[in-house]
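Subject: Structure handover

Hello,

Here is the structure for you to open alongside this email. My notes follow directly below it.

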Amino acid sequence: MTTTLPDETLLLDDTACLRAAARFVREHDSAALLPLLLPGIDGPDLRALAGHCRFAHAGLLLFPPDADGLRTQLAACGLAVDTPSHPSVVVRQRLARRHRRDPAELDVQILRPQVHCSVGERRAVEVFALTVPPHSDLESIAAYERTRRHEAHLAFEIEHPEPLVLRGLCAILVRHGARPDGGGYNPHEDGTVLYFTLPDAACDYERLELYARGDHRDTLAAHLDHSEQHHRPGHDAQQPAETLLHLLTGAWTTQALAASARLGLPDAMDTRTAHRTEDLARLTGTHPRSLATLLRYLAMLGVVAQDPGPDDEEGGFRLTELGALLRADAPGSMRPLALMYGGPFYRSFGGLDHAVRTGRPAFDHLFGENHFDHFARDPELAALFDRSMAASSRMFEPLPDHPVITTAAQAPAAATVVDVAGGNGELLGRILTAHPRLRGVLLERPHAVEAARRLLDAAGCGARCDYRAGDFADVPPGGDVYVLSRVLHDWDDDRCREILRHCVRAMPAHADLLVVERLLPVDGSPSLATAWDLHMLCNVGGRERRADHYARLFADAGLRLVGQRPLPLDAHVLHARRAGAPDPAAGRS
């Protein structure tokens, strides 16, 4: 008769849990899981979650005695034994807090062996492995955690984790009974995790993880604050008021970011070296104690980080990767946006009630003229506006690979791309740089044409570009591809039809039109387009639209919508051709 040793029995129990998790991952998908986890969810909320998230993995905590023991468990479940691992940050800290241990005592690794699913989706089992040598004092932790299964969860990865989308998805979960339950940022994989408990879940998992690639400290800070509230007595009565208070102080965040940019604070800092407040005050010409107050607020936002100081002294501050985007010399710098949203557009948002009451832009009411004329009379402000538009150029990254562009680039004769109201030439420069055989024409206001000429010359493609100073009535004829990027949302429907008709009159029968805009979701799900719709109402007098709305405008102007493709930052590119024109390649949409 043989006797199974206790630690072998526990190893078998862990293996059974791992095998069950792999089977669960293999048998479920997002559409089936969400109603189980959030009973009663349907309609727009369900479509928003399913549209922005995908079921990525089931997570569990295992307690192998050593690396060989973990490999044995993986092999027994048909999972890859050579799956790479990296240190855990979030779970190790949670275990340390729960058991009042020093995190350095806990060797917790993360690995995600892939699970082969019949539908071909990429899913995994996320294994947190806490090494528990036989007879060590960690066995009590393992026994407790096996019983409670605190770290067992189901994870959904957000496909495009823009801040507004991330917050909107969190709000949907809370609205359907999920409770914030901690989270963190793991620098080893540059990912942010937000945990929720699911008291009404109709399956064996009672915790859900939202996983977002990148550093989302602002959203994480709000989530952790809500997590603390849920662990306080009487939190249910306090949460709505505290949540509203957080929303009401959003203006402080805008001005803190704008003030730091105006003061040149990010330009005096970097991500590697911590600087004392006194040194930063001297570099920026500011009051040391007041600057310290601003820096602490920026640290709460995740824009700067404070390193610990010796003894009771205050530590120095350094930029985070988020804050580095406010440096003037950063690639894709968002400093111009901070100055615009904390400057003229901030002032006009104070008159939002006027815009809602009258349907007329608050900007016009405040400044006495529309923002295009106002900026045109101030060269410095006009240049800032053009730079702020370029700060969102990440949405352009996939455009040079659009089939319409690549087909034009491969045409026997050199094709021409006409960028109508092309700003400082950022988009046209990307297209011409990617395709050396293409030529370009940029139509813009006189001051913007000069800025575009400088940018395109610096990019090495100025010799292949012509420039036209003019208005929409001056759209150059004879192009092969016409581009309207973030133009139509500035105008009402009548003016949009007029702009589109100018394009149609200039377009040869074979030409294509690409329109870049954010699209309002049809189901009310969270989107940057919803926020920008409010911005357009307040500052410009235009609007964001749904795809079917643009299709009607195209039809009124003698065009037909051929297709659409998503772009970063919740944007889309709409492909239109003349009504009745042949479609030479259906795949080009």
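Helix α19 gives the largest share of the lining of the second largest pocket, 5 residues. Helices and strands here are DSSP runs (helices H or I, at least four residues; strands E, at least two), numbered from the N terminus. A pocket is defined on a 1 Å grid over the protein atoms alone, as an open set of points with protein on both sides within 12 Å along at least five of seven lines; a cavity is a set of points where a 1.4 Å probe fits but cannot get out, and lining residues have an atom within 4 Å of a point.

This is a predicted model: local features need pLDDT of at least 70, side-chain atom pairs count only at pLDDT 80 or more, and totals for chains, interfaces and linings use all residues. Residues are numbered from 1 along each chain as its sequence is written, and side-chain values use heavy atoms, with hydrogens and water left out.

**The pocket**

The second largest pocket holds about 760 Å³ of space. It has 39 lining residues, and the closest to its centre are Phe372, Phe385, Met389, Arg486 and Asp490. Volume means the space filled by probe spheres set on the grid points, which are joined across faces, edges and corners. Elements that each supply at least two lining residues are α14 (335-341), α18 (371-376), α19 (379-390), α21 (426-434), β13 (439-444) and α24 (528-539). The lining splits into 17 nonpolar, 11 polar and 11 charged residues. In this count, Ala, Val, Leu, Ile, Met, Phe, Trp, Tyr, Cys and Pro are nonpolar, Asp, Glu, Lys and Arg are charged, and the others, Gly among them, are polar.

**The cavities**

There are 5 cavities of 30 Å³ or more. The largest cavity has about 90 Å³ of space. Its lining includes Ser88, Arg112, Glu126, Phe128 and Glu209. Two or more lining residues come from each of α5 (90-99), β5 (122-130) and β8 (191-197). By class, the lining of the largest cavity has 6 nonpolar, 2 polar and 4 charged residues.

The second largest cavity has about 40 Å³. Among the residues that line it are Leu37, Pro39, His176, Leu198 and Asp200. Its lining counts 7 nonpolar, 2 polar and 1 charged residues.

**Salt bridges**

The whole structure has 34 salt bridges. A salt bridge is a side-chain nitrogen of Lys or Arg within 4 Å of a carboxyl oxygen of Asp or Glu. One network links Arg94, Arg98, Glu145, Glu151, Asp181 and Arg207.

Take Asp181 and Arg94: their closest N and O atoms are 3.9 Å apart. Asp181 is in strand β7 (residues 179-186) and Arg94 in helix α5, so this pair ties together parts that are 87 residues apart in sequence.

Arg207 also bridges to Asp181, with the closest N and O atoms 3.4 Å apart. Arg207 is in strand β9 and Asp181 in strand β7, so the pair ties together parts 26 residues apart in sequence.

Glu151 and Arg207 meet in a salt bridge at 3.7 Å, N to O. Glu151 lies in the loop between α6 and β6, and Arg207 in strand β9 (residues 207-213), so this pair ties together parts that are 56 residues apart in sequence.

Buried means under 20% relative accessible area, exposed over 50%, and partly exposed in between (1.4 Å probe, protein chains only).

**Single residues**

Asp270 sits in the loop between α10 (250-263) and α11 (277-284). Asp270 is buried but has no salt bridge; Arg272, the nearest side chain of opposite charge, is 4.3 Å away. For charge, Lys and Arg count as positive and Asp and Glu as negative; His and the chain ends are not counted. The Asp270 side chain does reach two backbone nitrogens, that of Arg272 at 2.8 Å and that of Thr273 at 2.6 Å. These are polar contacts (N or O atoms within 3.5 Å; within protein, one must be able to donate a hydrogen and the other to accept it, and residues adjacent in sequence count only if both atoms are side-chain atoms).

Thr284 is in helix α11. Its side chain reaches the backbone oxygen of Leu280 at 2.7 Å, and a 2.9 Å polar contact joins it to the side chain of Thr286.
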